[in-house]
Amino acid sequence: MHLLVTGGAGFIGSNFVHTTVTERPDVVVTVLDSLTYAGNSASLDPVLDKIDFVHGDIADLDLVDELVSSVDAVVHFAAESHNDNSIADPWPFLQTNIVGTYSLLQAVRRHDVRYHHISTDEVYGDLELDDPQRFSESTAYNPSSPYSATKASSDMLVRAWTRSFGVRSTISNCSNNYGPYQHVEKFIPRQITNLIDGVRPRLYGAGKNVRDWIHVDDHNSAVWAILERGEIGQTYLIGADGELDNRSVVEMILEAFGREPDDFDFVSDRAGHDLRYAIDSSLLRSELGWSPKFGDFRSGLGSTVEWYRANEDWWRPRKAATEQAYVDQGEVEQGDAAQT
């Protein structure tokens with residue numbers, strides 16, 4: 001199999017490439033990534049001699065068509081994905097998440113190439129904290145940010161191209177990922193790297209917002225299960241039953257550093273901050289026989305903390321710029337950011 005992985009220098013995509021190269025050496029991997037702030041070529045350094053890397057934009061119709069014409073399948077990870085950034089400037093999210101997906105769909109349609117689309121549970125909006133329900137494949141879309149709205153749009157494009165043009169596609173909507181190579185702007189690595197630098201963690205609102213956490217390796221094993229055995233036209237939800245409120249996650253991170261559980265600061269809540277996400281992954285498990293390997297969030301988090309401790313050369317160059325962006329947005333004071 002020759003596989004095109006878009007966004008393969010990003011967090012989830014780079015981990016997917018690492019896993020594929022290690023566990024499926026017969027698969028030829030081509031990575032397409034534009035190396036925006038979210039893509040880091042250093043994430044691919046350990047496998048760079050085993051893949052083909054193309055620096056380019058998924059919205060480039062000619063480039064995408066050329067690459068897709070020579071592969072057997074496309075796994076589409078590439079996306080603008082940070083909620084805060086989408087609120088500050090929605091345009092890049094429309095360009096990448098909608099126009100970029102259109103570009104890929106046109107190419108896989110033309111060359112009859114298998115296509116798997118990576119999406120998010122955020123397209124469903126949020127749930128009440130005391131709601132016993134979880135998101136399922138039949139949950140209505142209700143996005144609440146420019147990021148989730150553009151991802152919902154991209155999902156709808158995939159469904160339309162499958163129905164109208166016979167594109168051989170599947171979609172997966174996954175809960176919050178954590179693990180190695182995640183950008184320091186994201187919740188868990190930001191808290192970890194702040195603590196490494198001696199800065200107290202910061203928590204939106206009252207810390208009651210609930211996320212359904214899954215280790216990135218479990219996400220990617222599910223993607224392979226869908227790619228190999230999934231029903232064409234089907235959407236699968238990927239989750240590991242990892243519901244935790246944000247305060248509990250911060251307390252676990254503090255525990256891993258030997259700090260007191262209340263050694264953090266609250267900051268003003270984000271506009272449109274979703275309350276709770278929760279995934280029902282029973283279809284994926286029953287139909288494809290998938291199950292997560294990281295059932296214990298605390299142990300998975302502990303290994304993630306150790307990865308960031310051991311890989312400062314990977315995240316350190318981007319840490320200062322990330323914290324300065326939060327200063328510019330008014331979340332923290334200049335003196336606080338200077339500590340990082």
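Residue H215 lies in strand β9, residues 210-215; strands here are DSSP runs of E with at least two residues, and helices are runs of H or I with at least four, both numbered from the N terminus. The model is a predicted one, in which local features need pLDDT of at least 70 and side-chain atom pairs count only at pLDDT 80 or more, while totals for chains, interfaces and linings use all residues. Residues are numbered from 1 along each chain as its sequence is written, and side-chain values use heavy atoms, with hydrogens and water left out.

Is H215 buried or exposed? H215 counts as buried because its relative accessibility is 5%; buried means under 20% relative accessible area, exposed over 50%, and partly exposed in between, with a 1.4 Å probe and protein chains only. A polar atom of the H215 side chain lies 3.0 Å from the backbone nitrogen of D217. Leaving aside residues up to four places away in sequence, H215 touches Y178, G179, P180, F294, G300 and T304, where contact means heavy atoms within 4.5 Å.

I turn now to the sheet. Seven strands form an open sheet in the order β3-β2-β1-β4-β5-β6-β10, with parallel pairing; two strands pair if DSSP finds at least two bridges between them. The edge strands, β3 (52-55) and β10, each pair on one side only. Between β1 and β2 there are five bridges in the parallel sense, and V5 has V31 in β2 as its bridge partner.

Helix α4 packs on this sheet, touching β1, β4 and β5, and its direction makes about 160 degrees with that of β5. Such angles run from 0 to 180 degrees between N-to-C directions, with axes fitted to C-alpha atoms, for helices over the stretch in contact. Helix α5 lies across β5, β6 (169-174) and β10, at about 155 degrees to β5. Among the buried residues of α4 are F93, N97, L104 and V108, and α4 is followed by D112, whose phi is positive, near 50 degrees.

Finally, the cores. The largest nonpolar core has 32 residues, and those with the most contacts inside it are L3, F16, V17, V75, I238 and L284; such a core is a set of buried Ala, Val, Leu, Ile, Met, Phe, Trp, Tyr and Cys residues joined through side-chain atoms within 4.5 Å. Its largest share, six residues, comes from α7. A second, separate core of 23 residues includes L195, I253, F264 and W307.

Notes. Polar contact = N/O pair within 3.5 Å; in protein donor to acceptor, adjacent residues only side chain to side chain.
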